[in-house]
Amino acid sequence: MNQPQPLRCVLIDANPVDRLQLGQIFKTLPNFTLTAEFSSAVDALDYLKYNKVEVLVLYAQLPVFNGFDFIDRLKDEVEVILTTTQANDAITAFQYGLVDCLQKPFSNERFLLALQRVEKKIAKEQLLNQTEQ
């Protein structure tokens, strides 16, 4: 039986310390591959024009345009875990159908729970796609 490929992820956060911390967590997870990280939405959008990923970890309060404006500009469908300092972003995240919304500061365990949710959602979608074929 084929081993599933790790889910490709991109991390977008203006805070370098947060990017470093989350990047370290990704290194311990065999089911995920952190393919790139960015401090700005502009650079991330440029990368995503040419690179397919399954998961975004996206900070809501980015410079130039916010996380929700970023999501509106995406061409490909991707699962998003939103990180934020604003509690009311959770309502908008729910309206967008995002997998999870984490209010900073959050624990490593809470981040891992969000990644588990992503895995389950993608696995369920893949199963549905297989049964439709």
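Guide: The following account begins with the aromatic residues and then turns to the chain, its cysteines and its loops. Please keep in mind that the model is a predicted one.

A search of the whole structure finds five aromatic pairs. One of them joins Phe38 and Tyr47 in a tilted arrangement, with 5.4 Å from centre to centre and 55° between the planes. Phe38 has a relative accessible area of 15%, and because this is under 20%, Phe38 counts as buried.

A further pair, formed by Phe68 and Tyr96, is also tilted: the centres are 5.1 Å apart, and the planes make an angle of 45°. Phe68 belongs to helix α3, whereas Tyr96 belongs to helix α4 (residues 89-96), so this pair ties together parts that lie 28 residues apart in sequence. The two partners differ in their accessibility. Phe68 is buried, at 8% relative accessibility, while Tyr96 is partly exposed, at 34%. Elsewhere, Phe26, Phe32, Phe106 and Phe111 come together in one aromatic cluster.

The protein chain holds five helices and five strands. Along the sequence, the pattern reads β-α-β-α-β-α-β-α-β-α. A compact globule of 133 residues would have a radius of gyration near 14 Å, and the chain agrees with this, because its own value is 14 Å. Along the principal axes, the C-alpha atoms fill a box of roughly 45 × 30 × 30 Å. Of the 133 residues, 42% are buried. Among contacts with a separation of 6 or more, 59% are between residues 24 or more positions apart. The accessible surface of the chain comes to about 8100 Å², and carbon and sulfur atoms account for 51% of that surface.

The cysteines deserve attention next. A disulfide is a covalent bond between the sulfur atoms of two cysteines. The search of the whole structure finds zero disulfides.

In the loop between β2 (32-38) and α2 (41-50) one finds Ser40. Its relative accessibility is 15%, so Ser40 counts as buried. The side chain of Ser40 reaches the backbone nitrogen of Asp43 at 3.2 Å.

Most residues other than glycine have a negative phi, and most peptide bonds are trans. Val64, in the loop between β3 (55-59) and α3 (67-73), has a phi near 75°, which is a positive value in a residue other than glycine. Val64 counts as exposed, because its relative accessibility of 71% is over 50%. In the loop between β5 (100-103) and α5 (108-132) lies Pro105, and the peptide bond leading from Lys104 to Pro105 is cis, with omega near -10°.

Notes. Residues are numbered from 1 along each chain as its sequence is written. This is a predicted model: local features need pLDDT of at least 70, side-chain atom pairs count only at pLDDT 80 or more; totals for chains, interfaces and linings use all residues. Side-chain values use heavy atoms; hydrogens and water are left out. Helices (H or I, at least four residues) and strands (E, at least two) are DSSP runs, numbered from the N terminus. Buried means under 20% relative accessible area, exposed over 50%, partly exposed in between (1.4 Å probe, protein chains only). A polar contact is a pair of N or O atoms within 3.5 Å; within protein, one must be able to donate a hydrogen and the other to accept it, and residues adjacent in sequence count only if both atoms are side-chain atoms. A disulfide is a pair of cysteine sulfur atoms within 2.5 Å. The radius of gyration is taken over C-alpha atoms; the globule rule is 2.2 Å times the number of residues to the power 0.38. Contact means heavy atoms within 4.5 Å. Accessible areas come from the Shrake-Rupley method with a 1.4 Å probe; for residues, only the protein chains shown count as cover. Rings of Phe, Tyr and Trp (its six-membered ring) pair if their centres lie within 6.5 Å; planes under 30 degrees apart count as stacked, over 60 as edge-to-face and the rest as tilted.
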